Every structure is written in C-alpha cells, then in structure tokens.
Amino acid sequence: MSGRKRIWNRVRPVFAVSIACAASSAAHAQSMRDVEAIAKERGLTTQDLVAAAKTYTPSGQHDDYVMFASGGHAGQVFAVGLPSMRLLRSIAVFTPESWQGWGFGVGNEILEAGFPKGKPNLWGDAHHPALSETNGDYDGQFLFINDKINARVAVIDLRDWETKQIVKNPLTVSDHGGTFVTPNTDYIIEGGQYSVPFGSEYAPISQYKEKYRGSVTLWKFDRKKGRIDKSKSFALELPPYWQDLADAGKLVSDGYMFLNSLNTEMATGGIEEKNPPFEAGASRNATDFLHIINWKKAVKVYEAGKAEMIEGFPVITLKTSIDEGLIYLTPEPRSPHGVDVTPKGDFMVVSGKLDPHVTVYSFDKIKKAIASGSYSGKDDFGLPILDFDSVVEAQVEVGLGPLHTQFGPDGYAYTSLFLDSAIARWTLGGSYGSSTPEPDWTLVQKTPVHYNVGHISAAEGDTVSPDGKYLVSLNKWSVDRFLTTGPLLPQNLQLLDISHQGTNMPVIYDMPMGVGEPHYAQIIKADKLNPWKIYPEVGWDTVEQNIDPMAPKSKMERVQRNDDGTVDVYMTAIRSHFNPEHVKVKQGDHVRWHITNIERAFDATHGFAVPVYNITASLEAGETETIEFDADIPGTFPFYCSEFCSALHLEMMGYLLVEPE
Ligand code: K7E
Ligand code: CUA
C-alpha cells in the first residue's frame, strides 16, 4: 500500500490530494482488517477469499457468460449467469410451468404438438441443449433441446427466451444423441437411444434383431422462420444398437457427424427369465461402434428421392446407406460415452466408461481409411468397419470413468471422470498452439469435484473458438456439500477457474440446483445475446413473433358475443387495472379471451389468473395472448393479476361471471 501511495504522491504533488489519499488508504486498511476478521470468524482461507473475489458480482454488475443448462426431468432449461452462478431464469419447455403460464393457457398448442401418439405428456427429460451456430461459433439466436423420454426436440427463440416449437420424432420413442447442430445450424441432429420397432409399434423382443431399429434424424432448421421444417427433414436407419451421443464435424470434418453407441451386443435383457441383465449383456464385448456418417452426402441422397417413407417420414434405409457409402463404423473401447469433436474438427474424442482412456480418432485417418476402401470387416447389417488402428491417433490415460470432453483455446481438453469424481486436463497433441508442450497427448492434471460428475461445460467449449476461463462441472451427487434437504438432495454445479495454464484449476463456486437434474449445459458469452427488453410492438403474438391483428387495443376493449355461441373477450392490462373488469358469459359458452399488456416500460409484466378454470398467464410488456376455454362451470370467479406490478396490484382484478343455463 505504501508503494502505491508514494507513486500517487509523486504524480499528484498536491497537499489536499495527499490527505484524501491517506484517508482513503486508511479506510482501505480498515476494510482489509474487516475482511480478515470476517474470514477468521467464518473459517475462510485465502483461497476462499480469492474464489469469492472471482465470483462475487455486485448489484447491477452483469455476468460475463450465460450458461443454458438442461433441466433434466424438470423438463425445462435454466439460464445461469457466470461467474456469479446466479439463476437468471427458467425457460418452460416440455413441462407446464405456472409462472410463465406454460400449459395453463400459454403455449398449449406447442405442448400438444409434441404429445407422443396423441397422449398428453406433461413432462420431459430435457437433456442436451444446443445453441445455434454460425460457422461453428455460437451466434446467440436460438437454443434447441431434446427430451429423452419421448424423443422430442424443442426450439427456443433467444429474442424472448421462449419455446416456439416442439416436434415429436415419428420413428423412435427415446433419444439421447440430440440436440447437436451442424456448423451453420442447417440441421439439428437427434440420435435415438433405446431401439424400438419404427414408430414404437409392437414387436416381441424375440424379434429384436429383425424388427427393432436405431435411427438418427436430421431436422432441417429454417432460421428465417425460426422453426424446424418437417417437410425437409429426414432420418437414417441404423442397426439396433443403442446409439448414444452425437456431435457434428466442423471445419475440416464439416459435413460429417459422429455417434457413439453401446449395446452393439444387441442384448435384450430379461433378468427375470434368468437372462443376463442389460448391464452385463450390453457390456460383454470389448468394443462398441463409433458411427461415422457423411450427412452432407445423406442430404443429397434424400433430395434425390432415395429415402423411403416409414411412419410418414423419409428414412434412408441401411441398404441405401451402404450402397451410397454414407455410414462407416469403427470400434470404440468398452461402454463408450460421448463423442466430442475438437475445435479444429480434426479429432474425435470418445470416452470409455469402463476404460481409463479417452480414445482420439483422427479425421484425416478416417478419410484415408474410407478412401482406401479396405475394411477390417462388416457388422451384422453389412456396414463397413474401419480398422481401429488405422484411424486412432492417440489414447490418453486420464482416469476412471471418463465421460465427456470439452475444450479450451490453448490446446487443452477437459474430460469429466465419473468414478474418480474429477476433471482431467490434458493436451491435444502438438498441433494446437505453442502454449502446450511438445506434440504429445498428456494428462496435465486432475482436479477433484464433488461428486460423480456427468457432463462438463467450458465457456464456448464445444465451438471452433473456445474461450477457456470457466468450466462448470455438473455433478450428479452433492452428498455433504450443502445442508441436508431430506433424502433428496440438490445437484451440485461447480464452477472451476481454468484460466491458468498448467496445474492450477480450482473450484471457485458451488451452486446447488434443487430442481430436476441438469444433464448438459452450454456457456455463451453474454454479449452475443441480444434479447428484447420489451416486445417490439404492442399487441405482439409471441408464437408468430409478429403483431397479432386480433390483439385488443386501448379503447377497443369489449366482450363480444358471436352468432355461433362463442364469446371473444378483448382485454387490455396496464398498471393497475384490466379492462373490462366484468366479463359476463353464459354457461356452455366457448370463450376466447384475448389480453394485451399495453405497457411499454422495461419489466412491466402482468399476470392473469382465473380460479377453477386452471388458467394462468404471464404477459410481458407488449404481449398478447389468447386463452380459450369452455365456460362449463357456472359461478363467480374473481380473476386477478398475479405479478406484484404496482402499489395497487391487489386491486388489479375483475370478475368472471358465468351465468347458469
Ligand atoms: Cu453423459 Cu444423458 Cu449427456 Cu448424462 S449423458 S452424463
Ligand atoms: Cu398487474 Cu399486478
């Protein structure tokens, strides 16, 4: 401190300034004593104080990154700021969410479009979020996420952070290899998981090999419309292995995609019939298959009309794929999990859950092996198998239970180790910049995490230009890290500082996540996101992202009875009243209730809630919603605004009067 004071005195030799300086320096010294006293009282180490300084974000100061984490069986997406690890928002996707009114009047048709076999399904197992990309880099426009339990894909528009579309996969009933985008978001990849007969139709399990099938679907994304275009989407038939995770090639490997798999044994379980259980049967072989698929060529084959319609959806059959040379296999070590393409697109990293290594495949070698046409064999379905030794670049021993790999900007890769409960940092050969040691593939260090890590996510860590800086470890168990919350404990999202090269990679924050089980997350630089502060115009239809011509406007509020016995309510909301306040209908009327929030102020959200009728909505400034219901229950129903919007918020109410027949 005295050093700094001396310099200040030298550059500003004014007596008054010196006094002020001395005073502030005294205050500073007092603050430091306070910090020391607090640290002592709370038992904090110097490292703890450094971690706090790295993550504490004062009021009004914004985070540098946003992490979009899947909500697991909460069926939602959670947006978390980094480095503060503050939960910023949940985004309702597959599961009704009452704050946003999702499924309670808002988004009902979007949810219904995803109902499998038309059956109302009101939850999802949200798995792998994927941010839209331009040239392999996140562009901040859209977010996609899959639902593993029912094989659905959702589209979220990052202008308003709301779900716009849910599509149900017509072929498979569970998916895991999604969502992953191609480098310009032309396609969203959705790989299946547990094989079923196409369309999830019935077939006895004894016909597994003949009737059951795997698949990978390429959903065409129309960026202009912000929607998946089902009419330009197609799938590839795959053997009934359990295709697992996927990744799209990029840069040198652009045009290809990679899926790992398990249960190439085609075990069918049946522990109750004294068969080996799945866990044994599906990990009998020493290797499974990495699927290498030329998706650009597949698009051409599809566009040439060579796909077959199955379950009303175009499918490139295995036979066509073999004839056209679309799919190649190569062995991957025991119970593989995850396939992650390096930033330059030159290597594919596969982990073996039961193998302490990550296996690194060279795309260059893969291309050469395909071109040479010399295969080490074919699988039971006739797919060519590339010789393992001819396509592998390296195997790096990283520790026990490797799962997922992410990347830094400096030639480092990071792999989660489930059994070790650790994150491994290792070097990606020598081709990645000068900061890494000589051309080698070496484990640099391991940092313990708590506990049972699944996915990890590094800042922009699966793009062509990873940022480094932060890595979040999504831990499945938290055990003793927090207060015990009964036998059901939160997940633990741990933030690691990876900005220092070499051996220092400390955990700097523990974030309990007491909602669902986040699986995977992607972390984007906050300044790439450019969300609306309010809807662009009053009367905004948030599905069409345009003005709703039917939107109620100020001075045109009314309750309109139509000849066909339906009733249209045209209502506006502004602090602190609805207009109209009396809505009188007759029992049996079909009611279309249109409401516009005509506010233009930042954050001026109103709620709309009706008792008994199971209706709730969140109306952001400018938003129009139409809520439809049958007024089948007569009575007196006070509706009200459910957001504490103003001093007279409690007065923001009205009566729905349903006159008995
Ligand atoms: Cu590894 Cu479902 Cu992405 Cu979990 S998956 S860990
Ligand atoms: Cu509007 Cu409370």
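Predicted model: local features only at pLDDT ≥ 70, side-chain atom pairs only at ≥ 80, totals over all residues.
Residues are numbered from 1 along each chain as its sequence is written.

**Sheet**

- Strands E24, E25, E26 and E27 form an open antiparallel sheet in that order; strands are DSSP runs of at least two residues (E), numbered from the N terminus, and two of them pair if DSSP finds at least two bridges between them.
- E24 (402-407) and E27 (443-448) are the edge strands, each with a single partner, so one side of each lacks a neighbour in the sheet.
- Six antiparallel bridges join E25 (residues 412-417) to E26 (residues 422-427), and Leu417 stands opposite Ala422 in E26.

**Cavities**

- Three cavities of 30 Å³ or more are present; a cavity is a set of points on a 1 Å grid over the protein atoms alone where a 1.4 Å probe fits but cannot get out, and lining residues have an atom within 4 Å of a point.
- The largest cavity has a volume of about 200 Å³, a volume being the space filled by probe spheres set on the points.
- Of its 21 lining residues, Phe180, Ala246, Asp247, Asp462 and Tyr520 are the closest to the centre of the largest cavity.
- Strand E12 contributes the most to this lining, with four residues; E24 is also among the elements that give two or more.
- The second largest cavity holds about 40 Å³ and is lined by Ala92, Gln100, Trp102, Val106, Glu162 and Thr163.

Technical notes: Chains lettered and ligands numbered in written order. Heavy atoms only, no water. 1 Å grid on protein atoms, 1.4 Å probe; cavity = no way out; pocket = protein on both sides within 12 Å on 5 of 7 lines; lining within 4 Å.
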